Amino acid sequence: RMNVSLMVEIKIIPFYPALMIQGEQKSLVITDLHLGFEDNLSRNSIFLGKNTIMLDTISEIEKIIDETKPDSLILLGDIKSGIKSITKTEWKYVPMFFENIKKRVNITLVPGNHDANIEKLIPNGITLATSKGIIIDDLLLTHGHTMPTENFSQINTIVMGHVHPIFFQQESLINGERVWVSIKCEKQKIFASKSGELELIVLPSFNKYLYTTQKKFYKKSISPIIEKMDVIKAKIVTLDGMIIGDEQLLSSVI
């Protein structure tokens, strides 16, 4: 049987930390919402209104869905903020988030390292994938905190979140801004049985409060995929689509 597949097209949605994957279906991809993050901020005596982030997140995602009309929404993990446990805020907000969004679109969740026990918080009708990720055509969509298995070695592109790429340059106008990162690398470093090139696309985090503009307060997440990579070339792009750097800038954004 010949496998005739329409190659999928990947498009950045201008001005949003969101990606559209267009094949037989249109899938909107976003990552790292970290709902319940207000709890961390209030510990550091930064007070945003009780549910500001939550309501902002819902309305912004609804706006993107209304503008782009996808068939499905794929969340690449870290929906919640607490790592080990479910906080009081998360018990309240995570179900509310899913109930609101599922009225508009089918949702698939690929869990991240902050999503322990998230199955207790999601309503019926949400597809929960494994943390290994999901495959669409020749793309692997994964959170980014685990190494992909050799069974996925036929893929040519990995789309991930987890590392929240941010541009840090004290004197720059866009210091502290979220950015996109695209990296071409040696496929063999990720899939030992294969040769050639692989593209890695790293999504900016949807949560815009995850960092302050002070780099010393910002803790980087480590990804085994990025740790193992041999970078051939890279491109760093702002949310509004401006290319601001190449592989030389990588260490300052991830």
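I take a residue as buried under 20% relative accessible area, as exposed over 50%, and as partly exposed in between. On that scale arginine 104, with a relative accessible area of 39%, goes down as partly exposed. I am working from a predicted model.

**Entry 1. Salt bridges around arginine 104**

I started with the partners of arginine 104. Its side chain meets that of aspartate 66 in a salt bridge, 3.1 Å from N to O. Arginine 104 sits in the loop between α3 and β5 and aspartate 66 in helix α2, so this pair ties together parts that are 38 residues apart in sequence. I looked up aspartate 66 as well and noted it as partly exposed, because its relative accessibility is 37%.

Glutamate 62 also forms a salt bridge with arginine 104, and here the closest N and O atoms are 3.2 Å apart. This pair too links distant parts of the chain, with glutamate 62 in helix α2 and arginine 104 in the loop between α3 and β5, 42 residues apart.

**Entry 2. Another salt bridge**

Lysine 189 is in helix α4 (residues 187–190), and aspartate 230 is in the loop between α5 (224–228) and β13 (231–238); the two are 41 residues apart, and the pair links distant parts of the chain. I have lysine 189 as partly exposed, with a relative accessible area of 42%. Aspartate 230 is also listed as partly exposed, at 35% relative accessibility.

**Entry 3. The sheet**

Next I traced the sheet. Six strands form an open sheet in the order β1-β2-β3-β4-β5-β6, with mixed pairing. I marked β1 (9–12) and β6 (127–128) as the edge strands, since each pairs on one side only.

β1 and β2 pair in the antiparallel sense over four bridges. For glutamate 9 I found glutamine 22 as the bridge partner in β2. Strand β2 (residues 19–22) is joined to β3 by four bridges, and these two strands run antiparallel. Isoleucine 21 has serine 27 as its bridge partner in β3.

I then looked at what packs on the sheet. α2 lies across β2, β3 and β4 and runs at about 155° to β3. α3 packs on the sheet and touches β4 and β5, its direction making about 140° with that of β5.

β1 and β2 form a hairpin with six residues between them, and phenylalanine 15 in the turn has a positive phi of about 75°. I noted that phenylalanine 15 is a residue other than glycine. Phenylalanine 15 counts as exposed because its relative accessibility is 60%, where exposed starts over 50%.

Aspartate 78 also has a positive phi, about 55°, although it is not a glycine. I placed aspartate 78 in the loop between β4 and α3. Is aspartate 78 buried or exposed? Its relative accessibility is 1%, so I put aspartate 78 down as buried.

**Entry 4. Nonpolar cores**

I looked up the largest nonpolar core, which has 30 residues; Leu75, Phe97 and Phe98 have the most contacts inside it. β3 (26–30), α2 (52–68), β4 (72–75), α3 (88–102) and β5 (106–109) each supply at least two residues of this core. A second, separate core has 25 residues, including Phe152, Ile190, Leu249 and Val253.

Which residues does phenylalanine 98 touch? Leaving aside residues up to four places away in sequence, I listed Leu75, Ile79, Ile107, Leu109, Ile122, Pro123 and Ile126.

I searched for aromatic pairs and found that the structure holds one. Phenylalanine 97 and phenylalanine 98 form this pair, edge-to-face, at 5.3 Å centre to centre and with 75° between the planes. I noted both phenylalanine 97 and phenylalanine 98 as buried.

Terms used
Residues are numbered from 1 along each chain as its sequence is written. This is a predicted model: local features need pLDDT of at least 70, side-chain atom pairs count only at pLDDT 80 or more; totals for chains, interfaces and linings use all residues. Side-chain values use heavy atoms; hydrogens and water are left out. A nonpolar core is a set of buried Ala, Val, Leu, Ile, Met, Phe, Trp, Tyr and Cys residues joined through side-chain atoms within 4.5 Å. Buried means under 20% relative accessible area, exposed over 50%, partly exposed in between (1.4 Å probe, protein chains only). Contact means heavy atoms within 4.5 Å. Two strands pair if DSSP finds at least two bridges between them. Axes are lines fitted to C-alpha atoms, for helices over the stretch in contact, and angles run from 0 to 180 degrees between N-to-C directions. Rings of Phe, Tyr and Trp (its six-membered ring) pair if their centres lie within 6.5 Å; planes under 30 degrees apart count as stacked, over 60 as edge-to-face and the rest as tilted. A salt bridge is a side-chain nitrogen of Lys or Arg within 4 Å of a carboxyl oxygen of Asp or Glu.
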